[in-house]
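Dear colleague,

I am passing on the structure we spoke about, and my notes on its helix packing follow below.

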Amino acid sequence: KNPDFINTHSVINIILILIGPVIIASITEEIIFRGYLINALLTKFKLPTTAILAALIFASVHIFLGLGFLIYIFFGSFIPIFLYIKFDNLYPAMLMHFFNNIVSYLVIPILF
């Protein structure tokens, strides 16, 4: 059974998912983990080490989702890191995070 926070059987839950994990989390996590953390780590480490540390820290914050998601999030977090570094802008990473969370919190639970 799906946890209550992924219950997509009511309109209010879908709205709350869109506001919380999809919009707010996508924006705030990118500001904190890509905008701040990447820049802070780059003052002490080279890019490959910074990317690995940032991915580990980002994944560890999501430990409440379980080990499987932790591994998925660790490897998946290299995509927004790459987008942020390539474009020197948080918006592409936020957009990717936004679509990832829509799929994770709405599309998959609705389909399965």
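**Helix α4 and its surroundings**

In helix α4, the residues P80, I81, L83 and Y84 are buried, where buried means under 20% relative accessible area, exposed means over 50% and partly exposed lies in between, with a 1.4 Å probe and protein chains only. Seen down the axis of α4, these buried residues fall within an arc of 165 degrees, so they line one face of the helix; the arc is that of the directions from the helix axis to the C-beta atoms. On the other side of α4, F82 and K86 are exposed. The cover over the buried residues of α4 includes α1 (11-42), α2 (47-61), α3 (67-76) and α5, with contact taken as heavy atoms within 4.5 Å. Helices here are DSSP runs (H or I, at least four residues; strands would be E, at least two), numbered from the N terminus.

Before going further, please note that this is a predicted model, in which local features need pLDDT of at least 70 and side-chain atom pairs count only at pLDDT 80 or more, while totals for chains, interfaces and linings use all residues. Residues are numbered from 1 along each chain as its sequence is written, and side-chain values use heavy atoms, with hydrogens and water left out.

The axes of α4 (residues 78-87) and α5 (residues 90-111) come within 7 Å and cross at roughly 155 degrees, the axes being lines fitted to C-alpha atoms, for helices over the stretch in contact, with angles running from 0 to 180 degrees between N-to-C directions. The two helices are therefore roughly antiparallel to each other, given that angles over 145 degrees count as roughly antiparallel, under 35 as roughly parallel, 65 to 115 as roughly perpendicular and the rest as oblique. On the α4 side the contact is made by I79, P80, L83, Y84 and F87, and on the α5 side by L90, P92, A93 and M96. By class, this contact has nine nonpolar, no polar and no charged residues, where Ala, Val, Leu, Ile, Met, Phe, Trp, Tyr, Cys and Pro count as nonpolar, Asp, Glu, Lys and Arg as charged, and the others, Gly among them, as polar.

Helices α3 and α4 pack at an angle of about 20 degrees, with their axes 5 Å apart, and that makes α3 roughly parallel to α4. In this pair, F74, F75 and G76 of α3 meet F78, I79 and P80 of α4, and the residues of the contact divide into five nonpolar, one polar and no charged.

**Individual residues**

D88 lies in the loop between α4 and α5 and has a positive phi of about 50 degrees although it is not a glycine; D88 is exposed, with a relative accessible area of 63%.

H62, placed in the loop between α2 and α3, is buried, with a relative accessible area of 8%. Leaving aside neighbours within four places in sequence, H62 is in contact with E29, L70 and I73.

S104 is found in α5 and is partly exposed, at a relative accessible area of 24%. Apart from residues up to four places away in sequence, S104 touches Y72 and P109, and S104 and V22, 82 residues apart in sequence, are 9.3 Å apart in space, C-alpha to C-alpha.
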